[in-house]
Amino acid sequence: MFKRLFLDHPASVGESYVEHARFAFGFAFWLLAAGTAALIHALLPFAFEKTASNITRRLFARIETRGR
């Protein structure tokens, strides 16, 4: 049960549990940064004009090449 819950998915993308956790935490950080930039941009349209889209583009590129 433990193996299935904690190790199967990381192994499916070629990572250990720790490697996968590190990737996921980093990904979450950048998603939060993009969301924060988008919220600020919604209130102040002159601020962070391309920040959220640049971050999401970079994250998309990282996720697309993962586990290959």
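**Aromatic pairs**

This predicted model contains 3 aromatic pairs. Begin by selecting F6 and Y17, whose ring centres are 6.0 Å apart. Their planes meet at 65°, so the pair is edge-to-face, a label that requires an angle over 60 degrees. Now colour by secondary structure: F6 belongs to helix α1 (residues 2-6), whereas Y17 belongs to helix α3. The pair therefore ties together parts that are 11 residues apart in sequence.

Display the accessible surface of these two residues next. F6 has a relative accessibility of 36% and counts as partly exposed. Y17 is also partly exposed, at 44%.

Move on to F29 and W30. Here the ring centres lie 5.0 Å apart and the planes stand at 80°, so this pair, too, is edge-to-face.

**A charge over W30**

The charged end of R58 sits over the ring of W30, at 4.5 Å from the ring centre. W30 thus takes part in an aromatic pair with F29 and also has a charged group over its ring. With a relative accessible area of 32%, W30 is partly exposed.

**Helix α4**

Select residues 51-64, which form helix α4. Its 14 residues reach 20 Å from the first C-alpha to the last, close to the 20 Å expected at 1.5 Å a residue.

Which residues of α4 are buried? Highlight A52, I55 and L59. Viewed down the axis of α4, these buried residues fall within an arc of 70°, so they line one face of the helix. The spacing follows a general rule: an α-helix has 3.6 residues a turn, so residues three or four places apart point the same way.

Turn to the face of α4 directed away from the buried side, and select R57 and F60; both are exposed. To see what lies over the buried residues of α4, show α3 (17-43), which is included in their cover.

**E15 in its loop**

Finally, select E15, in the loop between α2 (8-12) and α3. Is this residue buried or exposed? E15 has a relative accessible area of 17%, and because this is under the 20% limit, E15 counts as buried.

Terms used. Residues numbered from 1 in each chain as written. Predicted model: local features only at pLDDT ≥ 70, side-chain atom pairs only at ≥ 80, totals over all residues. Heavy atoms only, no water. Helix = DSSP H or I, 4+ residues; strand = E, 2+ residues; numbered from the N terminus. Expected span 1.5 Å × (residues − 1). Buried < 20%, exposed > 50% of the residue type's maximum accessible area, 1.4 Å probe, protein only. Arc of directions from axis to C-beta. Contact = heavy atoms within 4.5 Å. Phe/Tyr/Trp six-rings, centres within 6.5 Å; stacked < 30°, edge-to-face > 60°. Lys NZ or Arg CZ within 6 Å of the ring centre and 35° of its normal.
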